[in-house]
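Here are my notes on the model you sent over. Have it open while you read, and go point by point.

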Amino acid sequence: MKRIDIPPVWLAAFLYVAWSLSNAFPALSFGGGWAEFLAGILIGSGIVLLLLAIVEFRKHKTTFIPHETATALIQSGIFKRSRNPIYLGDMLILAGGILWWDAVVALPLVPIFLWVIEKRFVIPEENKLRRQFRVQFAAYCAKTRRWI
């Protein structure tokens, strides 16, 4: 069961709900092509964040898979700006999908997704890193925000 409890599965589920809501309430609309344009920017930005983070994980030869033990505390690259760029990228992709499908009623899914990701992944991961890297992690938290 733990194997499917990973952020991409949660993201896919939330995207599915957003898409379903767009089909259930087609009369509600953001209106105009600006939403598709912004959707492209958000989705593209989310993918770039994911890729930049994965490059750093590979460079430091540590895992990016939740629930596994890290062998390094990454503080370089995109991790200088955000402690959670992959989850931030996931949120951007969700927001972009909502705009792309013109799913006005799905907008509350973004903060709900943030809450789920924080409770299921971010907080437990940070607690694990705090125990593993102690002073180094405390210094990192002091200089780098959780999100942006």
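**Notes on the model**

1. Let's start with Lys80, which is exposed, at 57% relative accessible area (exposed is over 50%, buried under 20%, partly exposed in between, with a 1.4 Å probe and protein chains only). Lys80 sits in the loop between α2 and α3; helices here are DSSP runs of H or I with at least four residues, numbered from the N terminus. Leaving out residues up to four places away in sequence, Lys80 touches Gln75 and Thr144, where contact means heavy atoms within 4.5 Å. Lys80 and Ala103 are 23 residues apart in sequence and 33 Å apart in space, C-alpha to C-alpha.

2. A word on the ground rules: this is a predicted model, with local features needing pLDDT of at least 70 and side-chain atom pairs counting only at pLDDT 80 or more, while totals for chains, interfaces and linings use all residues. Residues are numbered from 1 along each chain as its sequence is written, and side-chain values use heavy atoms, leaving out hydrogens and water.

3. Now the inside. The largest nonpolar core has 33 residues, and Phe79, Leu94, Ile98, Leu109 and Phe113 touch the most other members (such a core is a set of buried Ala, Val, Leu, Ile, Met, Phe, Trp, Tyr and Cys residues joined through side-chain atoms within 4.5 Å). α1 (7-24), α2 (34-59), α3 (85-100) and α4 (109-143) each supply at least two residues, with the largest share, 10 residues, coming from α4. A second, separate core of five residues includes Ala35, Ala39, Ala95 and Leu99.

4. How do α3 and α4 pack, and what is the angle? The angle is about 165°, with the axes 10 Å apart (axes are lines fitted to C-alpha atoms over the stretch in contact, with angles from 0 to 180 degrees between N-to-C directions). That makes the two helices roughly antiparallel, a label for angles over 145 degrees. Residues meeting across this pair include Leu94 and Ile98 from α3, and Leu109 and Phe113 from α4.

5. Finally, the rings. Seven aromatic pairs turn up in the whole structure (Phe, Tyr and Trp rings, the six-membered one for Trp, with centres within 6.5 Å). Phe57 and Phe79 pair edge-to-face, at 5.4 Å centre to centre and 90° between the planes; edge-to-face means over 60 degrees. Phe57 lies in α2 and Phe79 in the loop between α2 and α3, so the pair ties together parts 22 residues apart in sequence. Phe57 is buried at 14% relative accessible area, and Phe79 is buried at 6%. Ring pairs link Phe57, Phe64 and Phe79 into a cluster.

How values were computed
Rings of Phe, Tyr and Trp (its six-membered ring) pair if their centres lie within 6.5 Å; planes under 30 degrees apart count as stacked, over 60 as edge-to-face and the rest as tilted. Angles under 35 degrees count as roughly parallel, over 145 as roughly antiparallel, 65 to 115 as roughly perpendicular and the rest as oblique.
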